[in-house]
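Here are my notes for you to read alongside the model.

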Amino acid sequence: MTIDRSRWLPPLVVLVVLAALPLFGSEFFVTFVMTRTFMLGMAAATIVFLSGFGGMTSMAQFLMFGIAGFMIGNLSVSEAGSKGLKLGLDPWLSVVLALVITTVVALILGAVASRTTGIYYLMLTFIFAVIGFFFFGQVTTFSGFGGITGIDPPPVLLDHPIRLYFVALALSFATYFTLRAVIRTPFGLALQGIRDEPVRMAALGWNVPLHRTLAFAMAGFLAGVAGVLNVWWNGQIDPRSISIGPTIDLLIIAVIGGMARLEGAWIGAFVFVAANNYLRSIPLVDRIGITEARFNTVIGALVLLIVIASPDGITGLYDRLRRAWRPIGVDQAANQLALEGNDPSISNDRGEIR
Amino acid sequence: MNNTPKTGLRRALVALVALCLIAAACGSDDDSGEASGSASDSASASASASASASASEPASADDGEASEDGAAAGGDINGDGILQVGIMGECEGPFGGFHEDVVGGASLAFIELAGASSNSSTSALEGFSGATVAGVEIELVGIGCGDDTPDTAIQEIRRLVEQDGSEVILGPLSGDESIAMANFAKDNPDITIINGTAGAQETTLQVQAENYFRFNGDGAQWNAGIGDILHNTAGWETAAVIVDDYSFGWTSAAGFIAEFCAAGGDVVQRVFPPLGTTDYSSFVAQLPDPDEVDGYFWVVGGTGTQASLEAFVNAKGDLNGAQHAGNLFFNPGLAAALGPGIAGAYVGGFASLPGDVTSPAIDAYIAAADGAWESLPGALSGNEPAAPSVALTFGFGYSYYVAGLALIEAMEANGGDISPAGLQASLAGLTLDAPYGQITLDENRQAIVDAAVQQLVLDDNGEVVSRTVAIVPGVDQTFGGVFSPDTPPPSREDPGCVEADLPWVGNAIPVVDGVPQG
């Protein structure tokens, strides 16, 4: 297989530009808007991965994000007056333990949900999210509704928001390339088969629940990594951080960006974060009733517009425009496959569909 | 067959151009006053032409002007000689209805005492312009929109500081927000935060950020005096408490529990509904029946106060004022929905005294409020237009007014030194003559306040009104040593119910017909 420049060049150019962003972007834009974009993008990418490539629309990804955050808070904070276990462990050890716990929980919850599909899967994972919210709210050993405050990142990142930006950038790209690679492994291809024809895949001998469980656990791990970054960035976490509102926000981010492409998650996150922070700064926008209190209305209208105009989100819109501009005769099937996240060259090379 | 290298290059080019555009568009949001002015929410957009002109003068001109005035312009964070101020309120969540109140309260201080003018005659959210104290211009650069969650509070304060360039923040409104913001203050020592209304004990007693100042009492301080009266006057021996399950609720209940138990009472049941609960029936069911306990103390705020009392009526029968008491959220308005049976209930204090207590300073404050705007749609008038004093004599608006007042007096006291160190030192040493009483700060920059106990009573027209029955002077946050930085912050379990000596038990000043008797 030859190196396909067209596949690797765009992400690399984006990576270079984003790596250089601190040189010309304002501090707020870099350390707030973009860092938050990367964190939410990583979490939303796991929704895109599960939904777009596994047929599992999960509402529990923000729970995984939150579990990792709560675990960091419980394990690494020791200050008097803080809530939780206050174990005061080494921050890096806390990260390892937090991610292990998050992944184990994801494995268990993924196994429970693995035999459901469609709306039932969505509802079951939504129930997980609600249970998680009340668990951390009611069980004061781990948090209570007041949450855990005073969570510091490891010393190397403390008071260095630009470093945290680079960590978030690097982990975002790592997540993107990892998920892209996984999609093309036999496991990923089987997952896509399960997405399209679970009964047929089962009849062919594939263990459908196991694939779903493993995919959910992997997504939980990655959402947990984003959750660790978030709690370092925000310095605190409380149950309302993972309540129904933020849970739905994450799904909205995935929908805005588009469920068909992984990169849509970060684009959706950027639109969401930028709208939240810059919409109110547009001159005269408050004259038409759009103030900071109307943010949810604007995002709701945007989602409505996207669902009507481009069900595949912003990335889907890009694909449509590209198809419209391209000369007649271009291989439509290839585009269709690209829309569905398959790389025709790879799948043709492998041809491993059993 | 599919993607050619040319296509890839085109994609890359598109991505590059898009990112550059985005970065260019957003990269101009630096920390200067200019960006702040444009981002000051409704404030700048709606400012009158003259107000806009004064608010958006080039920084260089301001520098020169400030220097000529002799103000210590060099030391401020932004280096422009102007003090950029942000107000952190809540436009969503359980206390979203108080947004006008709190922004109005903070603005009133600058309108009354710093020569500012309101940008609208019917809404405080449009901001103010033209404020000057000790020769230093004060600019309102942004109004934060919280939703009662610490997450949003941190993100909004970062926006106010990092994008809008705020050097001083007035706020926040609510308990958990304040703990998160005090931790933020610790990490950002140059930013000065003057608490709005938030009343969690932990914010100042445990976190102890050097640059976080609270000129209002915490929830426990506000409830000083009520446990003594309920035990020694109303004769309660046992009580059940139902408490919002978050830091302010715990702190507010802690004040009652500490004093009621110190006086010899016993708290037999504690129930904790989450903040923002809509159906309280399962929590009310956990309370003992009226014949099993002498009384109930309610610490359920915001949108939950009425809903929880209605659930009680449905489950356990009509309200009897002799058997119920509550913190600041118990107000005469509840009688409209629940009937006059609530009359007789004792109510904890808040930042300001009820309307039946007057003084020349209070009258002047009310007149200033009513002169600043034609009307304000505050929470007490159901967010319908009403005289501004309706909103600003209630604790939310008043606490924010005191925060603004503290900033102004601190600047006047140090001759306009707006360097972080100069401003913070001046704030820490301030004795504030506020309309509803003098306020000093303890070593944790926490106010020592006079607390008032009120009672809901029937007036001559048979309507339920609030009446002040006692004032407890000089209540400090430690409650006579019950609370300290080393004791666990108030929570579901803490404080325990123990008999003790509180300095003011039996020493509250009775108030008769609005006149303190001592």
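1. A word on terms first: a residue is called buried if 20 or more other C-beta atoms lie within 10 Å of its own, exposed if 12 or fewer, and partly exposed in between, with C-beta atoms placed from the backbone. Helices (H or I, at least four residues) and strands (E, at least two) are DSSP runs, numbered from the N terminus. This is a predicted model, in which local features need pLDDT of at least 70 and side-chain atom pairs count only at pLDDT 80 or more, while totals for chains, interfaces and linings use all residues. Residues are numbered from 1 along each chain as its sequence is written, and chains are lettered from A and ligands numbered from 1 in the order in which they are written.

2. Let me start with chain A, which has 15 helices and 0 strands. Of its 354 residues, 51% are buried.

3. Please have a look at helix 7 of chain A, residues 186-196. Its buried residues include A:Gly188, A:Leu191 and A:Ile194. Among the elements that cover the buried residues of this helix are helix 2 (27-54), helix 6 (161-184), helix 8 (198-203) and helix 9 (208-234) of chain A.

4. A:Phe70 belongs to helix 3 (residues 61-76) of chain A. Why does A:Phe70 count as buried? Because A:Phe70 has 29 C-beta neighbours inside 10 Å. Setting aside neighbours within four places in sequence, its contacts are A:Phe136, A:Phe142, A:Ser143, A:Ile148 and A:Ile237. From A:Phe70 to A:Asn230 there are 160 residues in sequence, yet the C-alpha to C-alpha distance is 11 Å.

5. Chain B brings in strands: 19 of them, along with 19 helices. Of the 518 residues in chain B, 60% are buried. For contacts in chain B with a separation of 6 or more, 71% are between residues 24 or more positions apart.

6. Now the cores, a nonpolar core being a set of buried Ala, Val, Leu, Ile, Met, Phe, Trp, Tyr and Cys residues joined through C-beta atoms within 7 Å. The largest has 159 residues, and B:Leu170, B:Val241, B:Ile242 and B:Ala406 touch the most other members. Helix 18 (residues 395-413) of chain B gives this core its largest share, 11 residues. Apart from this core lies another, of 97 residues, including A:Leu75 and A:Phe128. Back in chain B, the residues that B:Leu170 touches, beyond those up to four places away in sequence, include B:Val85, B:Ile194 and B:Tyr400.

7. Helix 7 of chain B (residues 150-163) is worth checking for length. Its 14 residues should span 20 Å at 1.5 Å a residue, and its end C-alpha atoms are 19 Å apart, which agrees; the expected span is 1.5 Å times one less than the number of residues. This helix is largely enclosed by the rest of the structure, because 14 of its 14 residues are buried. After the helix comes B:Gly165, with a positive phi near 80 degrees.

8. Strand 14 (residues 431-434) and strand 15 (residues 437-441) of chain B run antiparallel, joined by 4 bridges, and their hairpin has 2 residues between the strands. B:Ala434 has B:Gly437 as its bridge partner. Strand 15 is also antiparallel to strand 16 (residues 447-458) of chain B, with 2 bridges, and here B:Leu441 is partnered with B:Ala447. This hairpin has 5 residues between its strands, and B:Arg445 takes a positive phi near 65 degrees.

Terms used:
Contact = placed C-beta atoms within 7 Å. Pairing = 2+ DSSP bridges.
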